[in-house]
Amino acid sequence: MTIGYDQRGKQRRKDVYGKSQREVIEKKRKIETLSSNKSIPTPERLTVEAWVSCCIELRKPEIRPRTLENYGQYSKRINAELGRTLLSKLNPLQVQFFYSALAQQGLSPSVRQHLHDFLNASMKMGVIPTNPLNGVDRPKGGRVVEPKALEPAEAQKLIRDSKEEWLFPAIYLMMATGLRIGETLGLRWADLEGDKLHIRQTATVVNNRVVFGPPKTRRGVPTVYLSPDVMAILEQRRAEQELKRDVAKE
């Protein structure tokens with residue numbers, strides 16, 4: 001396929017490989033997008049840093065803000081060690097040494113695995129015939145830390161100690177329903193219908209800014225049914241808010 005022209009007007013072409021026609025068409029679409037934006041140099045001059053940056057731009061419309069922030073952190077680490085390497089010259093041994101260095105720096109196994117998945121997905125887009133990560137082992141996971149639930153006495157103490165706090169309704173709601181922090185912070189009164197609470201958005205802090213996004217589940221809007229004690233606490237908080245709003249208007 002043609003991906004552009006050089007300064008002398010000579011056609012620049014790129015061979016695209018894939019296991020199926022659908023995969024080839026998808027790879028061609030992504031490369032055409034980059035070419036039309038003039039963000040992809042000739043394959044001979046394409047560095048790891050330039051290609052990783054292109055991949056992040058491609059994924060922006062379909063990923064969460066927190067994921068985009070993580071991608072930025074991954075790219076910084078990749079560029080520090082491999083960024084200047086020509087994409088066509090990257091080999092499995094370089095990547096394996098890179099992973100070993102990250103382990104020695106104390107980077108957690110889970111982060112190293114996520115970084116590998118990000119880099120591997122970037123290399124699979126078809127700009128180079130062979131993915132250099134095919135010969136690289138995915139970093140192994142570390143010891144899994146089992147989640148620890150509060151004992152009944154601990155839960156009761158938390159409720160007692162936080163009862164006068166402004167965030168008490170949120171704390172009580174999370175303890176009663178198991179909602180995540182982001183799901184709880186993204187709630188609005190419009191999401192409460194009788195004793196049904198609809199989780200329609202989450203709140204996440206990215207670069208010191210609150211960003212709202214869809215919940216993690218892809219099976220529609222999750223619904224939580226609330227017990228009478230939770231309903232009573234929420235209704236009390238709503239009444240307090242309405243009172244403060246009325247006072248502010250006077």
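## Strands and hairpin

V205 stands opposite V210 in β6. The model is predicted, so local features are given only at pLDDT of at least 70 and side-chain atom pairs only at pLDDT 80 or more, while totals for chains, interfaces and linings use all residues. Residues are numbered from 1 along each chain as its sequence is written, and side-chain values use heavy atoms, with hydrogens and water left out.

Strand β5 (residues 202–206) and strand β6 (residues 209–213) pair in the antiparallel sense over five bridges; strands (E, at least two residues) and helices (H or I, at least four residues) are DSSP runs numbered from the N terminus, and two strands count as paired if DSSP finds at least two bridges between them. The hairpin of β5 and β6 has two residues between the strands, and in this hairpin N207 takes a positive phi near 55°.

An open sheet of three strands, with antiparallel pairing, has the order β3-β4-β7. Because β3 (192–193) and β7 (223–225) stand at the edges, each with a single partner strand, one side of each is left without a neighbour in the sheet. The pairing of β3 with strand β4 (residues 196–198) is antiparallel and runs over two bridges, and the bridge partner of E193 in β4 is K196.

S122 lies in helix α5 (residues 109–123). Is this residue, S122, buried or exposed? With a relative accessible area of 1%, S122 is buried, where buried means under 20% relative accessible area, exposed over 50%, and partly exposed in between (1.4 Å probe, protein chains only). Not counting residues up to four places away in sequence, S122 touches W51, C55 and R59, a contact being heavy atoms within 4.5 Å. The side chains of S122 and R59 are also joined by a polar contact of 3.5 Å; this term stands for a pair of N or O atoms within 3.5 Å, of which, within protein, one must be able to donate a hydrogen and the other to accept it, and residues adjacent in sequence count only if both atoms are side-chain atoms.

## Salt bridges

A salt bridge is taken here as a side-chain nitrogen of Lys or Arg within 4 Å of a carboxyl oxygen of Asp or Glu, and by this rule the count comes to ten salt bridges.

| Salt bridge | N to O distance | Relative accessible area |
|---|---|---|
| E69 and R66 | 3.2 Å | E69 24%, R66 37% |
| R138 and D117 | 2.8 Å | R138 41%, D117 33% |
| R188 and D191 | 3.4 Å | R188 41%, D191 1% |

In the salt bridge of R188 with D191, R188 is partly exposed, whereas D191 is buried. Salt bridges that share partners join R188, D191, E193 and R200 into one network.

E69 and R66 are three residues apart in helix α3 (residues 65–82), and are therefore separated by about one helical turn. The side chains of R138 and D117 also meet in a salt bridge. This pair links distant parts of the chain, with R138 in the loop between α5 and α6 (152–162) and D117 in helix α5, 21 residues apart.
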